[in-house]
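Hi,

Here is the structure we talked about, with a few notes on its aromatic residues and its nonpolar core. Have a look at it first, then read on.

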Amino acid sequence: MNGNKGFVWSVLVMATLVAAGASLVNAQQGGGGGGRTPLSEEQMAKAISLEAGTVARALALDKDVAGKLEGAYRDARKAYAANAPEGGQGNFQAVIEYTEGERGKLEKALAAFLKPEQVEKAIGTLGTFGRQWDRMVLAIDGFGMAADKADPAMDEIAGFVQASAKARAEAMLSGDFQSVRDATAKLKEELDAKLAKILSAEHMTKWTEATAFRGRG
C-alpha cells in the first residue's frame with residue numbers, strides 16, 4: 001500500500017469508528033452500538049457468504065474462484081474479530097493501524113487468485129469489515145425473494161457500502177465530523193430510493209426498520 005492510499009484508508013477507518021460509536025470488537029460481532037442485538041455466529045456466517053457472493057458475482061468469478069474468495073474473506077473476518085483492540089476516542093491510532101494491517105492481509109490473500117484490478121474492486125467493500133453491510137444483506141435475505149430481485153438489491157447495497165466508505169474518508173479529510181454523518185445519511189436515502197423500485201411496500205417497511213441508523217452513529 002503506498003503512502004497516499006494508506007493515509008486515505010487511515011482517515012476512512014477513523015471516520016467509520018466515529019460513525020459507529022461502538023468498540024471495534026462489538027462492531028465486528030454486530031452488537032454494541034444503538035441497542036442492537038449482537039448477530040449470532042450463524043447470522044455472521046450467512047452475512048459473510050452473502051457479501052462474498054455479491055462481490056464474486058460482480059467480478060464474474062467462476063464457482064471455484066468464488067469459493068476461494070469467500071474462504072479468504074471468512075478467514076479475514078474471523079481474524080479481524082479475534083484480536084481487535086478496543087475502540088474509542090483515546091485509541092484511534094491503535095485501531096487504525098490494526099485495521100490497516102488486517103486489510104493488507106486480506107488484499108494479499110485475494111491477490112493469490114484474483115487479478116490486480118479484481119483485488120482493487122473487491123477490497124473496496126470486503127475491506128471495510130463493516131457491521132452495517134452485515135445487517136443490510138441479512139435483511140434482504142430474510143425476505144426470501146427470488147434471485148432476480150435479491151441480486152439487484154444486494155448489488156445496490158454493495159454500491160452503498162463502497163460509496164459511503166469513500167464519502168466518509170473525504171469528509172474526514174476536512175476535519176468536519178458532522179459531514180461524515182450527513183454524507184452517510186444522504187447515501188442511505190439514495191439507497192432506500194433505489195431499493196423502493198425493487199422491493200415491495202411491505203418489504204420496504206421492514207427494510208427501513210431493520211436498517212435505520214441508531215445510537216450515536
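Tyr-80, Tyr-98 and Phe-129 are linked into a cluster by ring pairs. Rings of Phe, Tyr and Trp (its six-membered ring) pair if their centres lie within 6.5 Å; planes under 30 degrees apart are stacked, over 60 edge-to-face, and the rest tilted. This is a predicted model, in which local features need pLDDT of at least 70 and side-chain atom pairs count only at pLDDT 80 or more, while totals for chains, interfaces and linings use all residues. Residues are numbered from 1 along each chain as its sequence is written, and side-chain values use heavy atoms, leaving out hydrogens and water.

The whole structure holds 2 aromatic pairs. In one, the ring centres of Tyr-80 and Tyr-98 are 5.7 Å apart with planes at 35°, so this pair is tilted. Tyr-80 sits in helix H4 (residues 63–83) and Tyr-98 in helix H5 (residues 92–111), so the pair ties together parts 18 residues apart in sequence. (Helices are DSSP runs of H or I, at least four residues, numbered from the N terminus.) The rings of Tyr-80 and Phe-129 have centres 4.2 Å apart and planes at 10°, so they are stacked. Tyr-80 and Phe-129 are both buried, meaning under 20% relative accessible area with a 1.4 Å probe, protein chains only.

As for the nonpolar core (buried Ala, Val, Leu, Ile, Met, Phe, Trp, Tyr and Cys residues joined through side-chain atoms within 4.5 Å), the largest has 49 residues, and Leu-110 and Trp-207 have the most contacts inside it. H8 gives the most to this core, 8 residues.

Best wishes

Terms used:
Helices (H or I, at least four residues) and strands (E, at least two) are DSSP runs, numbered from the N terminus. Buried means under 20% relative accessible area, exposed over 50%, partly exposed in between (1.4 Å probe, protein chains only).
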